[in-house]
Amino acid sequence: MDLQNAGRLAVRVIAAVLIALSCGALAADDLYDAINRLRAGQGTCTAAQKPAALTRQSALERVARDLARGYTLPDSLKESGYRASASLFINISGADSSDEAATLLEKQYCKQILAAELADIGIYQDARQLWIVMAAPFAPRVSLSSEAAARQVLDLVNKARTASRRCGDKMFNAAPPLRLNAVLANVSREHAEDMAHFNYFSHLGRDGSKPAERVLRMGYKFRATGENIAAGPSTPDGAVAGWIKSPPHCANLMNSTFTEMGVAFSVERNSEFGVYWTQVFGTPR
């Protein structure tokens, strides 16, 4: 073969590769639409409520590409900078077109496709396989006002105190109901905000203060006091359920000596857990 013909062949080969790549990109575009059609109820996948359409995210496309290269999902998400509160991936091989892939998804992956908590999507495909990553961004929130959350926590705690309960290896009798106290609520709020904004989780404050010291500093004179903290729950139910399961927190919650409580939460997206709760108990002097 002469050099001129070899050059023409090379051009044809390069052109063929570019055509193949552009076809692959088009197929991926089609698949994004196909998945959102399934979420909109245009197919055999059914759900009690139609989930919102997924948003295409370049970060998740990088995650899907890294999965194809052998990375794990947590490592791929971390590398991409996408912080997820929920995530999953689907791997399909043997589908020769986006239509075939969409048919497989509709037959085998309705539950994953229709997951209402997911909001974003990224797709990567190579010559052999297709990788689909779906996720929800880490966006912590408590859908209640501070006052409403405090009232719900109080109701849940007082309900728990109506019956005897074992906290670890110690049995507690039913206890009288607690009432809310504004000073203890302020103590709770300050510590919850400090933990959230400075990204730590401890009964010991950044300034070295212990719970009782923070209560005294706020001007509440007590015969007894105690503190519960939680990180992660986005509802009062979740926070109280966690305290009941934890023997020392449960013991505080069931302690019949306490007559008052305050509770507060703080939300910080850039923290490790997102939502932080503090509950302070007291018996005034």
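A disulfide is taken here as a pair of cysteine sulfur atoms within 2.5 Å, and the views below show a predicted model.

**View 1. The disulfide of C45 and C110.** In this predicted model, C45 and C110 form a disulfide in which the sulfur atoms lie 1.9 Å apart, and the torsion of -75° about the S-S bond makes the link left-handed. C45 lies in the loop between α1 (3-39) and β1 (55-56), whereas C110 belongs to helix α5 (residues 110-113), so the pair ties together parts of the chain that are 65 residues apart in sequence. C45 has a relative accessible area of 4% and is therefore buried, the cut-off for that term being under 20%.

**View 2. The disulfide of C167 and C250.** A search of the whole structure finds two disulfides, and one of them joins C167 to C250 with an S to S distance of 1.9 Å. This link is left-handed, with -50° about the S-S bond. The pair links distant parts of the chain, with C167 in strand β5 (residues 165-167) and C250 in helix α10 (residues 247-254), 83 residues apart. C167 counts as buried at 5% relative accessibility, and C250 is buried with a relative accessible area of 0%. When the bonded cysteines of the chain are numbered in sequence order, the pairing reads 1-2, 3-4.

View 3. D120 is found in strand β3, which spans residues 120-125. The residue is buried yet has no salt bridge, and the nearest side chain of opposite charge, that of R269, is 8.3 Å away; a salt bridge would require a side-chain nitrogen of Lys or Arg within 4 Å of a carboxyl oxygen. A polar contact of 2.7 Å does, however, join the side chains of D120 and Y82. Leaving aside residues up to four places away in sequence, D120 touches L54, T55, Q57, L60, Y82, V133, M134, A135 and P137.

**View 4. Strand β9 and the strands paired with it.** Strand β9 (residues 260-267) is mostly covered, seven of its eight residues being buried. Strand β7 (residues 179-180) runs parallel to β9 and is joined to it by two bridges, and the bridge partner of R179 in β9 is E260. Strand β10 (residues 275-284) runs antiparallel to β9, and eight bridges join these two strands. Within this antiparallel pairing, S266 stands opposite Y276 in β10.

How values were computed: Residues numbered from 1 in each chain as written. Predicted model: local features only at pLDDT ≥ 70, side-chain atom pairs only at ≥ 80, totals over all residues. Heavy atoms only, no water. Helix = DSSP H or I, 4+ residues; strand = E, 2+ residues; numbered from the N terminus. Buried < 20%, exposed > 50% of the residue type's maximum accessible area, 1.4 Å probe, protein only. Lys, Arg positive; Asp, Glu negative; His and termini not counted. Polar contact = N/O pair within 3.5 Å; in protein donor to acceptor, adjacent residues only side chain to side chain. Contact = heavy atoms within 4.5 Å. Pairing = 2+ DSSP bridges.
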